[in-house]
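Hello,

Here is the structure we talked about. Please look at it before reading the notes below.

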Amino acid sequence: MKMKKLVKIATLAAFTLAATPAAWALDTIKVGVIAAFSGPFADYGKQMEGGIKAYMAQYGDTVAGKKIQIIVKDTTGPAPEVAKRLAQELVVRDKVDFLAGFGLTPEALAVAPIAQQAKKPMIIMNAATSVITTKSDYVARFSMTLPQISAPMATWAVKNKIKKVVTLVADYGPGIDAETAFKNELVKGGGTVTEAIRVPLRNPEFAPFIQRIKDAKPDAVFIFVPAGEQSIAFMKGYRERGLAEAGIKVIATGDLTDDHVLPAMGDATLGVITTFHYSAAHKSPENAAFLKSFAATNPDGGRPNFMAVAAYDGMAAIYEVTRKLNGKIDGDKAMEILKTIKLNSPRGLIAIDPATRDIVQTVYVRKVEKVGNEVYNVEFDQFANQKDPGK
Ligand code: PHB
């Protein structure tokens, strides 16, 4: 009698255990996504989440018998301290298998030491300052680096007789990287940067700088500003102050003509030349499938941009690692697999360089043109197999 009761209690206990979150977690792969979902950079998180949803809608939410669980955390950033605290919570409390997201460089830099200490793979879906991958052995980048994008812009400029350039960049990691790589390449080709302007990351006031650029009479102005509203402000000033009429061209990294804000910028951007790794107008079956899935899973999401694509590819990498490790994620083993990833991305073929864990990809030269009634970045030239220069 006593024995029977004991067995009954034991069975009950086992059942209860199986139903607790801890046991349930064994059947789950957790991905903690850290990005800004509110504040001036709210679009970054939304684009990344949109790309993740698009991927999961296409490829399902179960890999190697495990459910993929996405845990989204809002930094409200740029807020490196918040990003760091959220990463700590994700590691300690939620026991995530992967850290992912990271729109802004300062937030990625703040989290890298946590990834290192916890041995958690950190999948970068945007943050693009070159140095980020050197800050932890557990970082792998699926987006781009500013030097990788900016050096080809200078090469193209020199080839097209643009020799005298004023640069204008956001005054933080990616901006300094863009300014340096562009200048180095331009000077190599016989060009000169006559003035290097840096503007604050938050709420820059472009008007006085635009006048300065006009007075300097360069062949072109080279721009890096973080994707979003700032592009609208810059292009508006450029048109209003008559720089185009003065013969000053705009050349930029594709952040300026980001697909998500491009429709709102409209005709002011026609003719702008940029270099970048992704355009929504890229013609391939993979991009067509991505656009379709993004539209279906993000009915109010507008046009997906490069951050959505990097998130989509980052998910493909997480799925590949999970498959290869048969659902048992170990940080070091995961990194060995991440170093060998090659994907047929919506942007074209991409690979991770095993020596640096940074992305190798084609950089396209594009021009803003009307396609039907809408403006798009239309690709017309390319630089294949671009690594982050200097790595
Ligand atoms: C970055 O902070 O690394 C960053 C942000 C926005 C961009 C590119 C890079 O468009």
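Helices α3 (residues 42-59) and α11 (residues 285-297) pack at an angle of about 105°, with axes 8 Å apart, and are therefore roughly perpendicular (65 to 115 degrees) to each other. Axes here are lines fitted to C-alpha atoms, over the stretch in contact for helices, and angles run from 0 to 180 degrees between N-to-C directions. Helices (H or I, at least four residues) and strands (E, at least two) are DSSP runs numbered from the N terminus. Contact means heavy atoms within 4.5 Å; among the residues making it are Q47 and K53 of α3 and F290 and F294 of α11.

This is a predicted model: local features need pLDDT of at least 70, side-chain atom pairs count only at pLDDT 80 or more, and totals for chains, interfaces and linings use all residues. Residues are numbered from 1 along each chain as its sequence is written, and side-chain values use heavy atoms, leaving out hydrogens and water.

A cis peptide bond, with omega about 20°, joins G77 and P78. P78 lies in the loop between β3 (66-74) and α4 (80-92).

K95 has a positive phi of about 55° although it is not a glycine. At 58% relative accessibility, K95 counts as exposed (over 50%; buried is under 20%, partly exposed in between, with a 1.4 Å probe and protein chains only).

Regards

Key: Parallel < 35°, antiparallel > 145°, perpendicular 65-115°, else oblique.
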